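Dear colleague,

Please find the structure below, together with the sequence.

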Amino acid sequence: MIGIRRSLTTAICTATMLLTSHSSSQTLQQDISQETEYYRPVFHFSAEKNWINDPDGLVFFRSEYHLFYQYNPLGDVWGHMTWGHAVSRDLVSWRQLPVALPEENGTMIFSGSAVVDWKNTSGFGKHGIPPLVAIYTGNRPGLQNQNVAYSTDSGHTWAKYSENPVLDIHEAEFRDPMVFWYAPRSRWVMVVSMAKEHRIRFYSSTNLKTWNLSGEFGPAGATHVSNWECPNLFPLRDPKGRQKWVLVVGVGDGGPAKGSATQYFVGDFDGDKFVSDNPSNKKLWVDFGADFYAAQTWSDIPREDGRRIMLAWMNNWDYADKIPTHPWRGQMTFPRKLALAETEDGLRLTQGPVREIESLRQDHVALRNARWSDLQALLARRKWPDTLELVAKLELQGTRDVAFELRKGSAHETRVGYDAKRNAYYIDRTRSNNALSGSEFASRHEAPALSLSRAGLIRMHILLDRSSVELFGNDGLVAITDLIFPDRSDYGAGAYVDGDPPKVISLDIWTLQRKGLVSIKESRGIKPEGMR
């Protein structure tokens, strides 16, 4: 939750500096170009103002998707961690609510999860209405422990449990509890990180208040990193209908694109322990871009829906406090539906934009069984909006490298493509902007291609927002997520090819409309579902 760049000493210093320099910070911010507000995403969540990082407490209840998140109510850098709060009925339009869980008495509210306590095992419910229960890490200098809070009004106001903490092992690096109901044994399971040990612990409870250690996993996968954090554990069916479990873990540094990243394991879970299907040294990455971290999934999505939906912080601890945005800093990825696919190397995670993206589609252009020159002419003949969805199927015919050039201008472009020589998908943002200098940002990020189809056929599904690109390759077996900060005038598009041009089996491009954030002020008069 705090990543490599956030030691406790830094946290204390940051908190102090924020309090003493808030007014001077405001003066400096007034001098920042209005161009930075232009970078605010159109269809990704960002808060009205100030700093956000990890998504927390993702839970669905009474027709609303709840999104809590790490939030600094006092500034646009990390510090004073509280749980911000937003809700949505469709995963594309968000309504920001007041802070749910504030920093109090020197305890910051670090990452965690939320569940619907349908059976009222906690006793927090009343009048037959099940409570929402949040489980979070309380952070004080040198101590992290697990706490609970509850809501009896559909998650719109919260009370902290009077006997917190509910789990304290007197450790400084023990954080980010993810809790779910394990039906086969009729009990709650907590998945929590021993961050510096590269271990995940499993605890069990019948009431969300008293917890007992039941198992442990790790070290495995990426162990060359400084920490493990923000775990998430959930079941998925494989293509043969067997239930498997996926354990997702954030790493503070050492990812495939350098800096923070998110790894995963596929295996089995019996309510006490997780066993990976892969050798302990096998590293699997959820996303190969630089800007995908602290991924979590929604709990309590109705069975008739049946989806497992993931969201992550779209940023990187290497430069998170330097991105050129104001008055907001930080945004989330677009929600992704998860599944498992069988490959030659075993089961692998697949992901793609949730179907709700279709509600944003406006203008549509398409090509079928076309020449590469037709595609080039289509892209070159007009200025393109800063929000697009692009889906392409290409058949390589002696092609060495092929890419779409997005947000193209006289000096800038971002290439999104496939390198046949390296058998890898990539996003190249070395020339995407000059708003954020430094080699850690201006870079190319690639992911090895895992194909479900015959050789030579590649698939790309691209989401372009004002300041981000998300690429899903080969039916979601590959994902790369990167921030970009182009000039306002970079509205061109193009197509690059090295070698013989591919055949365009199909190409679909949609412009995407804006569904703006409803502000905290605007939300105050809106009652939650069931309270009208």
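**Salt bridges across the chain**

Asp475 and Arg459 form a salt bridge, their closest N and O atoms being 3.7 Å apart; the term stands for a side-chain nitrogen of Lys or Arg within 4 Å of a carboxyl oxygen of Asp or Glu. This is a predicted model, in which local features need pLDDT of at least 70 and side-chain atom pairs count only at pLDDT 80 or more, while totals for chains, interfaces and linings use all residues. Residues are numbered from 1 along each chain as its sequence is written, and side-chain values use heavy atoms, with hydrogens and water left out.

Asp475 sits in the loop between β30 (468-473) and β31 (478-483), and Arg459 in strand β29 (residues 457-465), 16 residues apart. Strands (E, at least two residues) and helices (H or I, at least four) are DSSP runs, numbered from the N terminus. Asp475 is partly exposed at 45% relative accessible area, whereas Arg459 is buried at 16%. Here buried means under 20% relative accessible area, exposed over 50%, and partly exposed in between (1.4 Å probe, protein chains only).

By this rule the count comes to 38 salt bridges. One of them joins Arg368 and Asp508 at 3.0 Å, N to O. Arg368 belongs to strand β23 (residues 361-370) and Asp508 to strand β33 (residues 503-512), so the pair ties together parts that are 140 residues apart in sequence. Arg368 is partly exposed, with 48% relative accessibility, but Asp508 is buried, with 10%.

Five strands make up an open sheet in the order β28-β27-β26-β25-β32, with antiparallel pairing; two strands pair if DSSP finds at least two bridges between them. Its edge strands, β28 (444-448) and β32 (492-499), each pair on one side only. Within this sheet, six bridges join β25 (residues 399-408) and β26 (residues 414-419), and Val402 has Tyr418 in β26 as its bridge partner.

**A buried glutamate**

Glu64 lies in strand β2 (residues 64-72) and is buried, with a relative accessible area of 1%.

Yours sincerely
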